[in-house]
Amino acid sequence: MRAIYGNQQAQARLERAALGDAVSHAWLLTGPANIGKTTLALEFARLLECTGRDPASAEPCGECVSCRKLAHGAHPDVIVIEPKKDERTLKVELVREMIHLASLAPSESRWRIFIIPDIERMVLAGANALLKTLEEPAPGVMLLLTSSEPETPLPTILSRCQVVPMLPLTPEEITYALTGRWQIPEMDARRLAALANGRLGWAVRAAENPDLREQRIRELEEIASLASASRDERLRRAGALGTDVESARRVLELWTLWWRDVVLAAGGASHLALSGDLRACAERLGARLGLERAQAFMRSLLAAQLALEANALDLPRLPVKP
Ligand SMILES: [Zn+2]
């Protein structure tokens, strides 16, 4: 699946499944937001439905009727289930509608594939309604679910799916994708990749919308400015993780992005870090702290992230002082 960047293991696993005889009927792709989970699900669907490829090839042909319909988002047997416009949750009525469609045979292809991105948006009644379909799908029906909140999917859903974990992309993978597919000049692509924190989806949006990039730089500058703030000020600003899991996750991610650069700078590799004033600031802080303390602080941030994912209801506090 050449259209997919990063996450080689996840790709390879789906390719093997598509080329084998006994492909599972229910999959759950997990990993942080904006790393390409839905894109990979769509590409897997394209591979399964393609009628023009060599049966031994893991590359959709791009030319058959099925590939052309999917390119226009108009394949009758590949259905993406999203909440209605202006709604944040996937209502139970939508899930019931989907379950009804899943009881019918594919209209023109080998598979009828339902893609449900971010199943954490599904209300509990919907998730329960889905269980039977996951347990005994009609012949030819496949469900591709994604989730960016590892603690959320019901164990009953998890146990019925093949779980495919996905990871954030490396800056190199993001640069390669931006320069190749999106034709972004290499210098700009590298800058975006450094800010993207492994999220290709974010980098693509930020390439189209410079405000996003500016906003992230401002947020990182604010974090960087904490290095020279008084202890009281640090306690006040760093202690605030927000009041919900989503904002806590976001704050921790921004901190990790910034401290990654401080560690790089402390280890003499600041050429891999962000550019401009931020790099200069990371170099100063890295030189002041030294590699060992910078790494120790980074470890405490990662521990806070793990604590957040393990027990989302009990928000951890940010470590204040390196
Ligand atoms: Zn094709």
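Helices (H or I, at least four residues) and strands (E, at least two) are DSSP runs, numbered from the N terminus.

**Ground rules.** I am looking at a predicted model, where local features need pLDDT of at least 70, side-chain atom pairs count only at pLDDT 80 or more, and totals for chains, interfaces and linings use all residues. Residues are numbered from 1 along each chain as its sequence is written, and side-chain values use heavy atoms, with hydrogens and water left out.

**Entry: a loop residue, Asn197.** I found Asn197 in the loop between helix 8 (186–196) and helix 9 (200–208). Asn197 is partly exposed, because its relative accessibility is 22% (buried means under 20% relative accessible area, exposed over 50%, partly exposed in between, with a 1.4 Å probe and protein chains only). I then listed its contacts, meaning heavy atoms within 4.5 Å. Leaving aside neighbours within four places in sequence, Asn197 contacts Pro168, Arg216, Glu253 and Leu257. I also checked Asn197 against Leu40: they are 157 residues apart along the chain, and their C-alpha atoms are separated by 19 Å.

**Entry: helices 10 and 12.** Two of those contacts, Arg216 and Leu257, turn up again here. Helix 10 (residues 210–225) packs on helix 12 (residues 245–266) at about 75 degrees, with the axes 10 Å apart. Axes are lines fitted to C-alpha atoms, for helices over the stretch in contact, and angles run from 0 to 180 degrees between N-to-C directions. So I call helix 10 roughly perpendicular to helix 12 (angles under 35 degrees count as roughly parallel, over 145 as roughly antiparallel, 65 to 115 as roughly perpendicular and the rest as oblique). From helix 10, Gln215, Arg216, Glu219, Leu220, Ile223 and Ala224 meet Arg250, Leu254, Trp255, Leu257 and Trp258 of helix 12.

**Entry: helices 1 and 2.** Helix 1 (residues 8–19) and helix 2 (residues 37–49) pack at about 25 degrees, and their axes are 10 Å apart. That makes this pair roughly parallel. On the helix 1 side I noted Ala10, Gln11, Leu14, Glu15 and Ala18, and on the helix 2 side Leu40, Phe44, Leu47 and Leu48.

**Entry: the zinc ion.** Which residues hold the protein donors of the zinc ion? They are Cys50, Cys61, Cys64 and Cys67, each through SG, at 2.3 to 2.4 Å. Donors are N, O and S atoms within 2.8 Å of the metal (3.2 Å for Na, K and Ca), and since water is not among the atoms, sites may look incomplete. The donor residues follow the spacing C-x10-C-x2-C-x2-C. I read the site as tetrahedral, with angles of 101 to 119 degrees among its 4 donor atoms. (Four donors count as tetrahedral if all angles lie between 85 and 135 degrees.) Cys67 is buried, because its relative accessible area is 2%, whereas Cys61 counts as partly exposed at 30%.

Entry: Thr146 sits in strand 4 (residues 141–147). Is Thr146 buried or exposed? Buried, because its relative accessibility is 1%. Beyond its neighbours within four places in sequence, its contacts include Leu28, Lys37, Ile116 and Asp118. I followed Asp118 to the loop between strand 3 (112–116) and helix 5 (124–135). Most residues other than glycine have a negative phi. Asp118, not a glycine, has a positive phi of about 50 degrees.

Key
Four donors count as tetrahedral if all angles lie between 85 and 135 degrees; four count as square planar and six as octahedral if opposite donors are over 155 degrees apart and all others between 65 and 115; anything else is irregular.
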